[in-house]
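Please view the sequence and structure first.

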Amino acid sequence: MLEELNPVLHSQLRLAVMSVLMSVGEADFVYLKEKTEATAGNLSVQLDKLSDAGYITIEKTFEGKRPRTLCRITPVGRAAFEAYVEVLKKYLHL
């Protein structure tokens, strides 16, 4: 019997965010929004879910008067993503 895919990561937008962060390590909200083509509201909700799972950290600061939200992948998030990929490979018989 195959392992279950991680339900936190098995969401199109959360998987896209994690994929971006796996390659760049950290990214701001605007960059993630552009790369994933998500709405601001949906991206915000999904980032909170990833943060609640401990997969990313979210740092909110200001650049001048403009808010800036910076997301970083955590070691737990990196490990979860790598495990997700390994389970997916089993499904694909790779």
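Where is the place of E37? E37 sits in the loop between α2 and α3. The model is a predicted one. E37 has a positive phi of about 55°, although it is not a glycine. With a relative accessibility of 74%, E37 counts as exposed, because the cut-off for exposed is over 50%.

Helix α2 covers residues 29-36, and F29, L32 and T36 are buried in it. Seen down the axis of α2, these buried residues fall within an arc of 65°, so they line one face of the helix. E34 and K35, on the other side of α2, are exposed. The buried residues of α2 pack against α1 (12-24), β1 (26-28), α3 (40-52) and β3 (66-73).

Helix α1 has 13 residues. From its first C-alpha to its last, α1 reaches 19 Å, close to the 18 Å expected at 1.5 Å a residue. Its buried residues are L13, R14, V17, M18, V20, L21 and M22. Among the elements that cover the buried residues of α1 are β2 (56-63) and α4 (75-92). After α1 comes G25, which has a positive phi near 85°.

**Salt bridges**

A search of the whole structure finds 6 salt bridges.

E26 is partly exposed at 38% relative accessible area, R72 is partly exposed at 29%, and E59 is partly exposed at 35%.

E86 and K89 both lie in helix α4, 3 residues apart, about one turn of the helix. Salt bridges that share partners join E26, E59 and R72 into one network. An α-helix has 3.6 residues a turn, so residues three or four places apart point the same way. E86 is partly exposed at 43%, and K89 is partly exposed at 33%.

**A nonpolar patch**

L2, L88, Y91, L92 and L94 form a nonpolar patch on the surface, with about 500 Å² of accessible area together. L88 lies in helix α4 and counts as partly exposed, at 32% relative accessibility.

How values were computed. Residues numbered from 1 in each chain as written. Predicted model: local features only at pLDDT ≥ 70, side-chain atom pairs only at ≥ 80, totals over all residues. Heavy atoms only, no water. Buried < 20%, exposed > 50% of the residue type's maximum accessible area, 1.4 Å probe, protein only. Helix = DSSP H or I, 4+ residues; strand = E, 2+ residues; numbered from the N terminus. Arc of directions from axis to C-beta. Contact = heavy atoms within 4.5 Å. Expected span 1.5 Å × (residues − 1). Patch = residues over 30% accessible without salt bridge, like charges linked within 9 Å, V, L, I, M, F, W, Y side chains within 5 Å. Areas by Shrake-Rupley, 256 points an atom, 1.4 Å probe, with all protein chains shown as cover. Salt bridge = Lys/Arg side-chain N within 4 Å of Asp/Glu carboxyl O.
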